[in-house]
Amino acid sequence: MNVQAQTHPQQMTITQRSGLPTYDGSIRIELSNRPVPYHISRCYPGELSEAECRRFSLSSCRLACMSLDVVRGRTPPQSLQHALSGPCIQRLETLSYLLENHLRTHQELKAKLCYLPAVPMLVYTTLVSPDTTETVVSLSVGKSTYWVTLVFRRSGSRWICTTADLG
């Protein structure tokens, strides 16, 4: 029995895929002596105007700075009621309480963290869905760098921060 192998040419389809739509720019922040760069990417179809990108990046920077100020005991948590969910504010209050107790015995850390202003260095945002957005803001406090992750969820016509993770 003689079996011959037949070769069939495989059909190969090459699809050129484009990456996620991204938006890059910079914003001016009061405390920063240079423009703060931002990068925004989308995981769903749509477009953003330059003004929307700048507005969202600026709001994220302000909220990150204010969240850090709440944790450092410089700003009352109630000042963020319009932008943060109730559970998120409670977690910031708990972190503030824990940090305050820790800093009582670590005065050198208190001097580095609590007295200098938080200055935004960069903003990265991912628009996950039409109702969810995640942003990471790099903040400089003196010579230290801190990262703040913010998760926003749409509630009606407003964006509410449901997670503010500082580290």
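Mentor: Happy to. Let's begin with Met66, which is found in helix H1. Please keep in mind that this is a predicted model. Met66 has a relative accessibility of 29%, so it counts as partly exposed, the class between 20% and 50%. Leaving aside residues up to four places away in sequence, Met66 touches Ser79 and Leu80. Ser79 is 13 residues from Met66 along the chain, and their C-alpha atoms are separated by 8.7 Å.

Now step back to the helix itself. H1 covers residues 50-71, which is 22 residues, and at 1.5 Å a residue it should span 32 Å. Just after H1, Gly73 takes a positive phi of about 80°.

Next, look at the aromatic rings. With ring centres required to lie within 6.5 Å, the count comes to two aromatic pairs. In one of them, the ring centres of Phe56 and Phe152 are 5.4 Å apart and the planes meet at 70°; this is over 60°, so the pair is edge-to-face. Phe56 sits in helix H1 and Phe152 in strand S5 (residues 144-155), so this pair links distant parts of the chain, 96 residues apart. Both Phe56 and Phe152 are buried.

Phe56 also pairs with Trp159: their ring centres are 6.3 Å apart and their planes lie at 80°, so this pair is edge-to-face. Since Trp159 belongs to strand S6 (residues 158-166) and Phe56 to helix H1, the pair ties together parts that are 103 residues apart in sequence. As for accessibility, Phe56 has a relative accessible area of 18%, which is under 20%, so it is buried. Trp159, at 27% relative accessibility, counts as partly exposed. Through these ring pairs, Phe56, Phe152 and Trp159 are linked into a cluster.

The axes of H1 and helix H2 (residues 86-103) come within 8 Å and cross at roughly 45°. The two helices are therefore oblique to each other. On the H1 side, the contact is made by Ser67, Val70 and Val71; on the H2 side, by Leu92, Leu95, Ser96 and Leu99. Sorted by type, the residues of this contact divide into five nonpolar, two polar and no charged.

Note on methods. Residues are numbered from 1 along each chain as its sequence is written. This is a predicted model: local features need pLDDT of at least 70, side-chain atom pairs count only at pLDDT 80 or more; totals for chains, interfaces and linings use all residues. Side-chain values use heavy atoms; hydrogens and water are left out. Helices (H or I, at least four residues) and strands (E, at least two) are DSSP runs, numbered from the N terminus. The expected span of a helix is 1.5 Å times one less than its number of residues. Rings of Phe, Tyr and Trp (its six-membered ring) pair if their centres lie within 6.5 Å; planes under 30 degrees apart count as stacked, over 60 as edge-to-face and the rest as tilted. Buried means under 20% relative accessible area, exposed over 50%, partly exposed in between (1.4 Å probe, protein chains only). Axes are lines fitted to C-alpha atoms, for helices over the stretch in contact, and angles run from 0 to 180 degrees between N-to-C directions. Angles under 35 degrees count as roughly parallel, over 145 as roughly antiparallel, 65 to 115 as roughly perpendicular and the rest as oblique. Contact means heavy atoms within 4.5 Å. Ala, Val, Leu, Ile, Met, Phe, Trp, Tyr, Cys and Pro count as nonpolar, Asp, Glu, Lys and Arg as charged, and the others, Gly among them, as polar.
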